[in-house]
Amino acid sequence: MTTQDLRIDADALLARLTELGRIGATGDGGCCRLALTDADRAGRDLVRRWMGESGLQVQVDPVGNLFGYRAGTEDTAPVMTGSHIDTVATGGLYDGNYGVLSGLAVVQALNRAGLKTRRPLVVAAFTNEEGARFQPDMLGSLVYAGGLALAAAHDTRAIDGARLGDELQRIGYLGNAPLPLVRPHAYVELHVEQGPVLDAEGITIGAVRDLQGISWQELTIEGQPNHAGTTPMRLRHDAGFCAAELACFLRALAAEMGGSQVATVGAIDLHPNLINVIAARARLTVDLRNTDEALLCQAEQRLAAHAAALAASEGVRITARRLARFEPVRFDAGIADLIARQAARLGYSQRPMTSGAGHDAQMLARMAPAAMIFVPSVRGISHNPAEYTAPGDLAAGANVLLHTLLELAS
Ligand code: GLV
Ligand code: MN
Ligand code: MN
């Protein structure tokens with residue numbers, strides 16, 4: 001058998017996705033492994049065990065990033081692959097997990113073939129990619145790439161108030177590997193698309209060339225609580241109304257701007273949240289994304305101007321706190337071309353893609369040539385227990401990863 005004929009063991013990959021998905025299973029086919037919770041620890045323990053069983057040298061760094069290292073024939077800069085195993089509270093089985101477990105499937109395929117690459121290989125599982133419990137998202141890879149100081153990362157507070165450094169300590173993942181462990185020769189991340197494009201077009205592989213910018217903020221509105229029955233409409237300072245109005249404004253803004261602009265108000269808390277009390281306080285999250293940095297700035301500015309005008313007209317106070325801000329990323333064209341070539345050689349249909357979601361690859365792209373491989377998400381559903389990718393597509397993506405890594409490491 002030649003190297004060109006190597007394939008990953010698809011059944012084993014599927015079995016592992018299912019097994020990892022049992023940890024934090026929500027009973028509806030989904031998974032909840034919020035970063036640095038007990039469930040995340042159990043998931044990490046399992047992946048760490050699998051890394052060891054594949055003969056990888058396991059290391060954990062001080063932000064909890066987990067690495068499995070496979071030596072090459074030369075002690076030179078490694079090729080890295082990976083993703084994350086934390087999930088949102090309503091996650092599926094594939095987001096993140098697929099990339100990490102496919103990295104291990106590649107290692108197992110090489111082990112079976114008795115093949116050693118020239119460059120070392122590293123399989124990584126980065127901490128808190130989702131940003132659902134701690135913000136910003138992609139926190140572990142951001143620290144790894146030098147974009148956030150370790151001390152600031154440790155001091156980050158979860159939505160439940162816990163301190164990130166304390167949680168790392170508590171679950172036993174405050175490691176002491178060098179930060180960064182290695183400066184990769186290249187980074188390739190395999191991921192489900194999480195959007196509808198590949199599924200709608202019936203294409204198996206996306207060679208991801210860029211990734212849109214992300215702006216996360218939290219708006220707090222302070223109004224005046226009062227009686228819902230006796231307060232005339234013209235005398236209200238209604239935080240609840242303002243939250244709803246801002247959500248409607250953002251929806252209209254995205255529609256008006258068009259292109260890749262998206263806007264989401266994913267969380268709203270009202271206080272005191274009672275039927276007959278005008279809300280005293282509202283807190284809402286705003287997620288804005290665009291592939292064009294200037295347009296993303298424009299969306300942020302238009303939101304700020306609208307919030308200021310609304311605060312004046314309603315007589316409330318509106319303050320904004322930034323939770324995450326990442327510019328659009330252009331991935332390495334050479335690696336994206338290589339992915340497209342390998343997909344074609346293996347007989348899979350492929351197309352260039354832009355990532356709508358945030359990924360650890362966007363952080364690694366700061367320190368190494370990086371690109372991503374996407375496979376279809378049925379009906380584009382993700383961050384939802386119904387997230388699904390067909391087994392054949394999972395296998396295809398992992399085989400493209402295998403051959404892309406082989407070429408980069410040769
Ligand atoms: C990460 O999953 C994101 O929000 O894009
Ligand atoms: Mn992900
Ligand atoms: Mn996700």
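**Entry 1**

D95 lies in the loop between β3 and α3, and H191 in strand β5 (residues 186–192), so the pair ties together parts that are 96 residues apart in sequence. I took helices (H or I, at least four residues) and strands (E, at least two) as DSSP runs, numbered from the N terminus. Both D95 and H191 are buried, where buried means under 20% relative accessible area, exposed over 50%, and partly exposed in between (1.4 Å probe, protein chains only).

A note on ground rules: this is a predicted model, in which local features need pLDDT of at least 70 and side-chain atom pairs count only at pLDDT 80 or more, while totals for chains, interfaces and linings use all residues. Residues are numbered from 1 along each chain as its sequence is written, chains are lettered from A and ligands numbered from 1 in the order in which they are written, and side-chain values use heavy atoms, with hydrogens and water left out.

H383 sits in the loop between β14 (370–375) and α12 (391–409), 288 residues apart from D95. I also checked accessibility: D95 has 5% and counts as buried, whereas H383 is partly exposed at 40%.

**Entry 1: ligand 1**

Next I listed the residues around ligand 1, those with a heavy atom within 4 Å of it: E129, E130, W216, R289, A357, G358 and H383. Polar side-chain atoms of E130 and R289 each lie 2.8 Å from an oxygen atom of ligand 1. For H383, the distance from a polar side-chain atom to an oxygen atom of ligand 1 is 3.2 Å.

**Entry 2: helix α1**

I then turned to α1 (residues 10–21), where L13, R16, L17, L20 and G21 are buried. Seen down the helix axis, the buried residues fall within an arc of 135°, so they line one face of α1; the arc is that of the directions from the axis to the C-beta atoms. What covers them includes α2 (38–53), α3 and α12, with contact meaning heavy atoms within 4.5 Å. At the start of α1, a side-chain oxygen of D9 reaches to within 3.2 Å of the backbone nitrogen of D11.

Where are the cis peptide bonds? I noted one joining Q135 and P136, with omega about 10°, and one joining L179 and P180, with omega about -5°. P136 is in the loop between β4 (121–126) and α4 (139–144). That loop also holds M138, which has a positive phi of about 55° although it is not a glycine. M138 is buried, at 0% relative accessibility. L36, in the loop between α1 and α2, has phi near 65° and is buried too, with a relative accessible area of 0%.

Conventions
A polar contact is a pair of N or O atoms within 3.5 Å; within protein, one must be able to donate a hydrogen and the other to accept it, and residues adjacent in sequence count only if both atoms are side-chain atoms.
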